[in-house]
Amino acid sequence: MRIALAEAIVAENLVKIYPNNKKALNSFSLTVPRGAVYSLLGKNGAGKTTFTKIIATILRPTSGEASVLGFDLKKQSHEIRRRVSIVPQESRPFSLQTPYEHILMFLIARGWSLSDARKRSREVLERLELTEYQNQICSTLSGGLKQRVVIAMASAAEPDLLLLDEPTIGLDPVARLMIWDFIRELVEQGTTIFLTTHYMDEAENLSDRVTIMDRGMKVLEGTPSELKRHLGETTSVTVTGRIGAEELAGYGKYYQNGSASRVFTSESRARELADYCVSKQLAVTLRPVTLEDLFIYLLGEAND
Amino acid sequence: MIDRLTKGVKASMAIAWFYGVQNIRRSPFSVVNFILTPVSILFFIYLFGGARATTYGVVGGLVSILVSSSIIIETDAAFIRIILKVQDMFVASPASAVSYAAGLAVAELINGIAGVGLFIGLLAYYHPLAPLAVLVIAYACTLTWVSITGLGFLISSFARDPRDLWVYSPILTVMLSFVPPVFYPLTTIPSSFRFVAFLSPTTYAAELVRDAVGLSNTSVPLVSVGLLGYSLLLIMVAAKRTKWMER
């Protein structure tokens with residue numbers, strides 16, 4: 001029985017402990033509205049892929065409850081599988097097969113008729129600008145094109161929920177923008193997108209809502225604007241070169257890593273810091289705060 | 001139910017076309033890979049053993065090609081799951097584990113089918129095949145393919161890295177094709193130890209084929225039931241223990 005219609009994913013207190021006793025999810029809860037782009041951010045090993053695999057019915061949770069598109073994760077996985085599709089992290093196409101063959105085979109394996117699968121394969125190839133390469137075996141394609149083939153396979157099935165685990169890794173900036181447009185188009189057509197990414201600009205540009213997680217737990221959730229407000233500052237200053245922590249401390253929250261420093265402060269204090277840095281012959285840039293700043297502030301152990 | 005079965009068969013055929021037919025079209029020499037070893041063994045048996053020994057070699061070659069083109073699913077399935085990570089896309093889809101494994105199994109068999117055809121042709125050359133003999137050979141070949149494929153897919157699901165399996169494939173091929181009486185008569189084993197030979201499913205298959213071409217006087221019903229039972233056991237264990245989802 002479907003229990004929720006307004007939400008694509010409702011996860012409550014999910015715990016995942018792997019056989020090697022590593023706890024990947026620690027009472028993790030999340031609600032993803034339908035028709036949205038929802039991003040999950042976190043450092044490597046935070047539990048993003050584990051959560052994505054659980055929602056895709058690839059991995060069983062140790063405990064906790066979840067429903068996907070209104071179906072119970074544990075009891076109705078077959079119903080969920082008819083409606084979801086995933087681009088796994090670091091997935092690659094087969095070497096000796098063409099992009100067209102990949103999509104065609106995957107659609108038929110998912111239950112499409114041959115004629116519908118043929119038509120849909122051509123549409124997706126065209127939309128992802130792969131038509132030119134459709135009959136080329138994948139071993140001859142660039143890394144970015146290979147990644148596009150996997151995205152084409154997963155999205156061709158017209159799932160209600162598309163799970164993308166770091167889908168734009170290895171893509172050049174132009175190809176990334178094309179994928180972003182494609183994602184927006186899918187959302188307009190009614191698909192819910194669940195995205196994990198390390199590209200903060202991607203999350204900021206695409207997402208309706210974002211969750212930041214760390215060590216299997218939720219740290220913060222909200223719209224990109226809400227999350228940026230959480231930082232409490234408006235301007236981010238990046239200083240390249242040697243500058244002491246004591247020199248930065250007076251300006252606001254700061255984060256230092258080697259010779260790169262980032263300070264989160266008000267616009268006026270940012271200008272003062274910029275003047276000071278220029279007087280000391282240090283490279284400095286100013287810009288409004290981004291999700292990346294918040295990420296560094298929350299997970300990079302910034303100093304107040 | 002019928003709809004689900006039809007979709008399952010279509011899914012398997014799509015995977016077999018994709019991974020079997022397209023692979024062999026673009027890399028036809030993979031066929032040679034499966035033929036080379038049994039043909040080489042047969043060549044030496046022919047040189048030094050005479051006509052009767054050669055027929056034993058042909059039976060052995062047929063069974064060993066079936067073994068090698070079935071057990072290979074072990075490394076291929078692990079590669080698709082661990083390196084390409086495409087198996088996850090199938091898990092998160094309406095395609096079932098059975099249709100996925102069956103599709104891969106047929107794909108692997110497509111690589112071995114030329115060798116199977118060659119050795120069946122040689123069998124017919126050395127000993128004209130009656131219709132019943134053809135049926136018995138087909139039965140033995142099919143169950144060998146099904147059972148060894150089940151075993152291979154089961155093993156693949158436990159691999160952490162395809163490298164884990166590079167070691168097992170040759171060992172299993174030897175344990176299933178060369179150690180048991182596949183290339184040589186069962187009667188060369190002392191009668192009190194013959195039961196050990198029946199620990200391998202390939203012994204049953206080889207005995208059935210040998211009986212079909214007049215090289216053995218085995219009890220066909222008994223060995224047929226034995227092979228069926230062994231195959232069902234392997235398939236049941238594979239179905240129960242194979243890790244389709246991650247844990």
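## Where the two chains meet

Let's start at the interface, where 40 residues of chain A and 30 residues of chain B take part in the contact (contact means heavy atoms within 4.5 Å). This is a predicted model, in which local features need pLDDT of at least 70, side-chain atom pairs count only at pLDDT 80 or more, and totals for chains, interfaces and linings use all residues. Residues are numbered from 1 along each chain as its sequence is written, chains are lettered from A and ligands numbered from 1 in the order in which they are written, and side-chain values use heavy atoms, with hydrogens and water left out.

The size of an interface is often given as the accessible area lost when the parts come together. Here chains A and B bury about 3,200 Å² between them (the accessible area, with a 1.4 Å probe, that two parts lose on being put together, summed over both). Carbon and sulfur atoms carry 67% of that buried area. Three salt bridges are counted between the two chains (a salt bridge is a side-chain nitrogen of Lys or Arg within 4 Å of a carboxyl oxygen of Asp or Glu).

## Chain A as a whole

Chain A holds 11 helices and 14 strands (DSSP runs numbered from the N terminus: helices are H or I with at least four residues, strands are E with at least two). Its C-alpha atoms fill a box of roughly 70 × 45 × 40 Å along the principal axes. Of the 304 residues in chain A, 55% are buried (under 20% relative accessible area, with exposed over 50% and partly exposed in between; 1.4 Å probe, protein chains only). Among the contacts in chain A with a separation of 6 or more, 67% join residues 24 or more positions apart.

The accessible surface of chain A is about 13,000 Å², and 48% of it belongs to carbon and sulfur atoms (Shrake-Rupley method, 1.4 Å probe; for residues, only the protein chains shown count as cover). Chain A carries 37 positive and 37 negative side chains, with the centres of the two sets 6 Å apart. Lys and Arg count as positive and Asp and Glu as negative, while His and the chain ends are not counted; each charge is placed at NZ of Lys, CZ of Arg, CG of Asp or CD of Glu.

## A buried leucine

A:Leu41 sits in strand β3, residues 37-42, and is buried, with a relative accessible area of 0%. Leaving aside residues up to four places away in sequence, A:Leu41 touches a set of residues that includes A:Lys48, A:Thr197, A:Met200, A:Val210, A:Ile212, A:Leu291 and A:Phe295. A:Phe295 is 254 residues from A:Leu41 in sequence, yet their C-alpha atoms are 8.4 Å apart.

For a contrasting spot, look at A:Lys75 in the loop between β5 (71-72) and α2. A:Lys75 is exposed at 74% relative accessible area. Its C-alpha atom is separated by 66 Å from that of A:Ser279, 204 residues away along the chain.

## Charged pairs along the helices

Side chains of opposite charge can pair when their charged atoms come close. Over all chains, the count is 25 salt bridges. In one of them, A:Arg83 meets A:Glu79 at 2.9 Å, N to O. These two residues are about one helical turn apart, because they lie four residues apart in helix α2 (residues 77-83). A:Arg83 is buried at 17% relative accessibility, whereas A:Glu79 is partly exposed at 25%.

Helix α6 (residues 173-188) holds A:Asp181 and A:Arg184, three residues apart and so separated by about one helical turn. Their salt bridge has its closest N and O atoms 3.3 Å apart. A:Glu267 and A:Arg271 form another salt bridge, at 3.1 Å, and lie four residues apart in helix α10 (residues 267-279). Elsewhere, salt bridges link A:Lys119, A:Arg120, A:Glu123 and A:Glu158 in a network.

## Two residues with positive phi

Most residues other than glycine have a negative phi. A:Glu90 has a positive phi near 60 degrees; A:Glu90 lies in the loop between β6 (84-87) and α3 (99-109) and is exposed at 54%. A:Arg215 also has a positive phi, about 50 degrees. A:Arg215 is in the loop between β9 (209-214) and β10 (217-222), and at 59% relative accessibility counts as exposed.
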